[in-house]
Amino acid sequence: MANGHPTTNIPSQSSVVHPDGYITRVRDEQSFERDEKSYAAKADVEAASNPPISSDDASDIIFHTEREIATHVISVNDDPTLNPWTFRAFFLGLSLSAFGGSLAEIYYFKPQTVGVSLMFLAIVSYVLGIAMETFIPRHGLFRYLNPHPFNKKENAFIIIMASAAGTSALATEVLAVQRLYYNITPNAAASILLLFSSQLLGYGISGVLRSTLVYPSKMLYPSILPLMSMLDIFFRDGANTRRRLNVFYLVFGAIFIWELFPEWIFPLLTGLSIFCLAAPNNAAVSRVFGGSNGNEGLGLLSISFDWQYIGAGGPLVIPLKAQLSSFRVIGYILCMVVFVAVYYNNIWESQHFPFLSQLLFYENGTVYDQSLILDSNYGVDPTLLAEQGLPYYAGTWVIYLLATNLGLAATFTHLLLWNRDDLRSAWSWASPTKLRSQWQQFSWQNVKWKFWTNDGIREQPSGDEDMDPHYVQMLKYPDIPNSWYCATFVVSFVVALVVIYNSDSTLPWWGFVISVLLATVFIVFLGALYAIAGIGPSIQTFVQLIAGYLYPGKPMANMYFVLYSSTTLLLRDLKIGQYAKLPPRATFTAQIIGTLLGAVLNYVLMNSIIDSQREILLSVQGTNIWSGQQPQQYNSQAIIWGGLSHELFSASMRYQWVSWSYLVGLAVPVPFWLVHRYWPLLRADYLYTPIICLFISFLSTGINSTVLAYFVIAFISQWWIRTRYPRWFQTHNYLVSAALDGGTQVMVFILSFAVQGAPGTARPFPAWWGANQGGNYDHCLYLQ
């Protein structure tokens, strides 16, 4: 999302691990000469959340490849006697999956996109696992509950299960839109099957492709390096780790109590603006300086004290250079300038509509009633459309669509220009020679049709220096046969077909097949992109464009097409299993259980929140607690692309540049690559154009009062503490970050059910100056 503080990680040719945990680029003469010859130097962007390194002489280690990073930052050693199949692992895995699945759906209806903290799940599972090891006796029947000391593989098993559950299923977005905007309430069985099929369909595809997208060293998954490094430290240095956890407990408790104030008692702390207090009745001030409520304003110079939103972008874990690098700064400044310019120059009739919004409007600024243009089959009726007129977007949301398309297209061109060697290496398996060799070696006699009897034992290759050392260690364990993933895919495919024909999807069977084929293509390319570079661009608008031209006039079909084309990627969790040397069948079990449990909890919480907060979810702005911005955008884009793509996005139409932006985006990186090719000393490779494009829409939705606090905290942590107290930074920084996330998320979870109305009636704190319940909490003018 636009306000999620995205980070980008580009694999570098040569890296140094510093004592404070940073992996940075080494620019010696030889590497620079290679860059000049290849004209493809890569951007110097550090991996997000670079891991702490405990070695005192780590600054002398120079890493030239992803393989060296993965084998030095993460332990390659494995103890096959460690057992993950314990009551303790299942109990904690299910408990944290229930917490993560519920919290993920609560966050789906928040004004700003926030994810469940994986680092927090890792640390709290470690703490609870050690507690069970300590307090449960090991004699008699209790020995089955506490058979041995809590180990790293149990911890990884719990993390993977909770991680699989801790993501809001995309199918809940379809179900939420149906309830909010179509007055359709699918029966519970159909809804649950829709959730299961959409989640597991992508899992089946991803599993079959794991030999390409997970096993190789090139598939580094930089975002999980700090997690795996932390687990190594926990189980290598247990006594010291437990002493450090005292800091975790202290910070966790302090932020847990503190969040009661901005979340309930004193919501003005979400965004304090001197300008709003000085000019509370000025509309321009509200648009530019307001930001305590969802879709209020740009939040310029506002100060936030709410870690729920400040911490969403990871200010304590993302290196300062990545946070303050030129592409972020340029994109953020452009966002301010472009939004204000579009609105006050009345481009696309912007002044007729709210400054920030994801809804559709009539030309006079009232909210568009989509039910008045739909027939009984939920298709767009041309006669009714002529009576109502074409809908409009808020100008800033048009910029969001433009910027998203620019960024997606620019990403592919950028990778082809700057990272083509990485891509070529990653896809060497698909060369005609290797594919021909594999086909020649294939024999139907070797196919094990009784896939459930496959023992999964793999051959132990010898002398293959190109094989990833972590994967080599995994060969001793029975693998998950591809037939298991194929069976998962086939069952999900059949269930999905049954669901779409027994619901109001309006998606034909051939359209569903096309969506699955697109999902496979996207998993292949975007999965590799995320694994190599840590980039996960949104493809929603692109898929909606395709669906809009395949099924014109059918917004419901558009939503289902997007659902099955954007299937969940669970590749990251497979890589966690490989790095932790967790037996593949344990990883498979954890992912399946977590995915299914999380989907059920997503469904239950979605219905509860919609029942209790329906009016707020349908409103333009929402509150600083609840917002319908995500289902609003999903629905409005389904109507626009699914029903009116020809009328609005084709050549010479009102929003034609949203479509043309794909072609423009493909060309954006080229000038910078040419500049670096002929004038390398200008360092044009430092300008990461896809992120510049994406940041042009950085403030298009959500609570924007957190930006200043985010960068101040990032500066304190990543520069002041890192340079003046490096040892403390190394040993405590990531624990403090996880404690802040964890304490906040537990309090948000409790308040959501206790007073904020997730299960029923909300109980807001009595109105006072710090809790302006009748308007914006920062006292800026409330605009509709």
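**Note on aromatic pairs and nonpolar cores**

1. In this predicted model, Trp264 is partly exposed, its relative accessible area being 23%. Phe765 is likewise assigned to the partly exposed class, with a relative accessible area of 23%.

2. By the ring-centre criterion, the model contains 48 aromatic pairs. One of them joins Trp264 and Phe765: the ring centres are 5.1 Å apart and the planes meet at 85°, which is over 60 degrees, so the pair is classed as edge-to-face. Trp264 belongs to helix α11 (residues 260-265), whereas Phe765 lies in the segment after α33 (726-754); the pair therefore ties together parts that are 501 residues apart in sequence.

3. Tyr343 and Tyr344 also form an edge-to-face pair, because their ring centres are 5.0 Å apart and their planes stand at 80°. Tyr343 is buried at a relative accessible area of 7%, while Tyr344 is partly exposed at 37%.

4. A cluster linked by ring pairs comprises Phe99, Phe120, Phe248, Tyr249, Phe252, Phe749 and Phe753.

5. Arg654 deserves a separate entry. Arg654 lies over the face of Tyr392, 3.5 Å from the ring centre, and its charged end also sits over the ring of Tyr655, at 5.3 Å from the centre.

6. The largest nonpolar core holds 100 residues, and Phe109, Tyr182, Tyr560, Tyr564 and Leu699 have the most contacts inside it. Helix α18 (residues 395-418) supplies the largest share of this core, 10 residues. A second, separate core has 92 residues, among them Leu92, Ile136, Trp307 and Ile523.

7. Beyond its neighbours within four places in sequence, Tyr564 is in contact with residues including Leu194, Leu201, Ile500, Phe512 and Val516.

Technical notes. Residues numbered from 1 in each chain as written. Predicted model: local features only at pLDDT ≥ 70, side-chain atom pairs only at ≥ 80, totals over all residues. Heavy atoms only, no water. Core = buried A, V, L, I, M, F, W, Y, C linked by side-chain atoms within 4.5 Å. Buried < 20%, exposed > 50% of the residue type's maximum accessible area, 1.4 Å probe, protein only. Helix = DSSP H or I, 4+ residues; strand = E, 2+ residues; numbered from the N terminus. Contact = heavy atoms within 4.5 Å. Phe/Tyr/Trp six-rings, centres within 6.5 Å; stacked < 30°, edge-to-face > 60°. Lys NZ or Arg CZ within 6 Å of the ring centre and 35° of its normal.
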